[in-house]
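This briefing is meant to be read alongside the sequence and the 3D view. Please keep both open as you work through the topics.

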Amino acid sequence: MANDAGISKELIGQLIDGTLDDDNVLRLLKMGRKDPERFINYTAALQERVIWPEPILLRLGDKLYIVRTGTGGRVVKCACGHEFGDYRRNWKLGCRIRTRRTLAEMREVYDPAPACPEPGWQEIREFFCPGCATQHAVEVVAPGYPIVFEMLPDLDKYYRETLGRPLPDEAPAWYADHTAEITRRWAAH
Ligand SMILES: [Zn+2]
């Protein structure tokens, strides 16, 4: 059982679906050498589980991906098909956001009560997809703190240097935070 070969597509699929049996979980954990193709195979298995054709470049969350569009863009897309726009802009700004500010609101999701953030000093922000209402993220921050941009990946560098498979559209401009474009637009209106 304990060999490094034979990480089949089916096995990766079970890993994603949460149905992998204990023996195979142990086997994967104890592999002496990581499968160099693991990211590509994992992404291929993810691709089989979504309802749209755009190629997945990176998984950001359980149901959230960066994909390449047919028009050459790289956008954040929900499993339901909703697109949040260019991945260089914090996708959270395109969410429906629920903010819990009072102790009563926080106690609905915190147990036991002493674990609750302190109202006035902290607030809980929940980020939902406008298309399917999936909760994609939660953050606990000080009131007024900018919405946290969790990850701006350097996709070109990752694909070129780590995977050895450069993306066909690589360019320095892909690695830049454009979130301020959104907040600037909000400020102007
Ligand atoms: Zn959605």
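Tyr65 touches Ile56, Leu58, Arg59, Leu60 and Lys77, leaving aside residues up to four places away in sequence, where a contact means that two C-beta atoms, placed from the backbone, lie within 7 Å. This is a predicted model, in which local features need pLDDT of at least 70 and side-chain atom pairs count only at pLDDT 80 or more, while totals for chains, interfaces and linings use all residues. Residues are numbered from 1 along each chain as its sequence is written.

**The nonpolar core**
- Tyr65 also belongs to the largest nonpolar core, which has 14 residues, and it is listed with Leu60, Leu64, Ile66, Val75 and Val76 as touching the most other members.
- Such a core is a set of buried Ala, Val, Leu, Ile, Met, Phe, Trp, Tyr and Cys residues joined through C-beta atoms within 7 Å.
- Strand 2 (64-68) and strand 3 (74-78) each supply at least two residues of this core, and strand 2 gives the largest share, with 4 residues.

**Burial and contacts**
- Of the 189 residues in the protein, 13% are buried, meaning that 20 or more other C-beta atoms lie within 10 Å of the residue's own.
- Among contacts between residues at least 6 apart in sequence, 43% join residues at least 24 apart.

**Overall layout**
- The protein has 6 helices and 7 strands, which are DSSP runs (H or I, at least four residues, for helices; E, at least two, for strands) numbered from the N terminus.
- Along the sequence, these elements follow the pattern α-α-α-β-β-β-β-β-α-β-β-α-α.

Terms used:
Buried ≥ 20, exposed ≤ 12 C-beta atoms within 10 Å, placed from the backbone.
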